[in-house]
Each structure stands twice: as C-alpha cells, then as structure tokens.
Amino acid sequence: GTCASELACLGIPMALVSLAENQEKPSIAWANTGAAFNLGPLVLLKESYVKNLISTLISNPSVLVSMSLKCQEIVDGLGASRIASHFVKLSDSQSFR
C-alpha cells in the first residue's frame, strides 16, 4: 500500500509479494500499470520466479527504465499539496462561515 506508493513516487520499480490477502489486489493493480511485477502471495513464491525475474531484468535493463517512468507517471508526489489547496479553497468558501 503506502510503501508501493512511496517507491512509485521515487521512480523505483517494484517486485511485489503479498504477505496478506488484502495485499493481493493492490499488487495485481500495480503490476497491471506496468510499474511493478507481481510475484504473488508469499506462500506460493518460488525461488525460480525470483531468479527468472532477475535474469530478465539483467538482460533487459530498458524494462526497469520503462517501469521507473511509469511509476513517476502514476505518483507525482504532489498529492499533499493538492489536498492542502482544496482545504484552503474550502475554508475560503461560504460553506464554512
């Protein structure tokens, strides 16, 4: 959840492993964006999956570059500023007077 968003904001591609059931859908969603690889639930993770992924990435570093760009496209790090701006606009409106 939060860690994935923070990594994406920094442009760091991810290989996600779900430790709990509630992490599975977000991991799949991140993978569907192209910003991450979803390795599935930890209980099903096989060493061969990790080795294959590492081999693939070593052979194709452009994949990491593409993933990094996708991360930064999805999370720009400006969310707190946007939310603060909306609160300022709300406080200036008559709805709070």
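Which helix does S27 lie in? S27 sits in helix α2. Helices here are DSSP runs of H or I with at least four residues, strands are runs of E with at least two, and both are numbered from the N terminus.

Some ground rules. This is a predicted model, in which local features need pLDDT of at least 70, side-chain atom pairs count only at pLDDT 80 or more, and totals for chains, interfaces and linings use all residues. Residues are numbered from 1 along each chain as its sequence is written, and side-chain values use heavy atoms, with hydrogens and water left out.

Stay with S27. Buried or exposed? S27 counts as buried, because its relative accessibility is 6%. Buried means under 20% relative accessible area, exposed means over 50%, and partly exposed is in between, with a 1.4 Å probe and protein chains only. Beyond its neighbours within four places in sequence, S27 is in contact with L16, S18 and N38. Contact means heavy atoms within 4.5 Å.

Now take S18. S18 lies in strand β1. S18 is buried as well, at 4% relative accessible area. A polar contact of 3.4 Å links the side chains of S18 and S27. That term means a pair of N or O atoms within 3.5 Å; within protein, one must be able to donate a hydrogen and the other to accept it, and residues adjacent in sequence count only if both atoms are side-chain atoms. Leaving out residues up to four places away, S18 also touches Q23, E24, G40, P41 and L42, among others.

Next, the pocket. Which residues line the largest pocket? They are G1, C3, A4, L7, L16, V17, S18, L19, Q23, P26, S27 and W30. A pocket is found on a 1 Å grid over the protein atoms alone: an open set of points where a 1.4 Å probe fits, with protein on both sides within 12 Å along at least five of seven lines, and lining residues have an atom within 4 Å of a point. The largest pocket holds about 200 Å³ of space. That volume is the space filled by probe spheres set on the points, which are joined across faces, edges and corners. α1, β1 and α2 (24–33) each supply at least two lining residues.

W30 is on that list. W30 is found in helix α2. W30 is buried, because its relative accessibility is 14%. W30 and L16 are 14 residues apart in sequence, and their C-alpha atoms are 8.6 Å apart in space.

Last, the core. The largest nonpolar core has nine residues: A4, A8, M14, L16, W30, A35, A36, C71 and V75. A nonpolar core is a set of buried Ala, Val, Leu, Ile, Met, Phe, Trp, Tyr and Cys residues joined through side-chain atoms within 4.5 Å. In soluble globular proteins, nonpolar side chains tend to be buried together.
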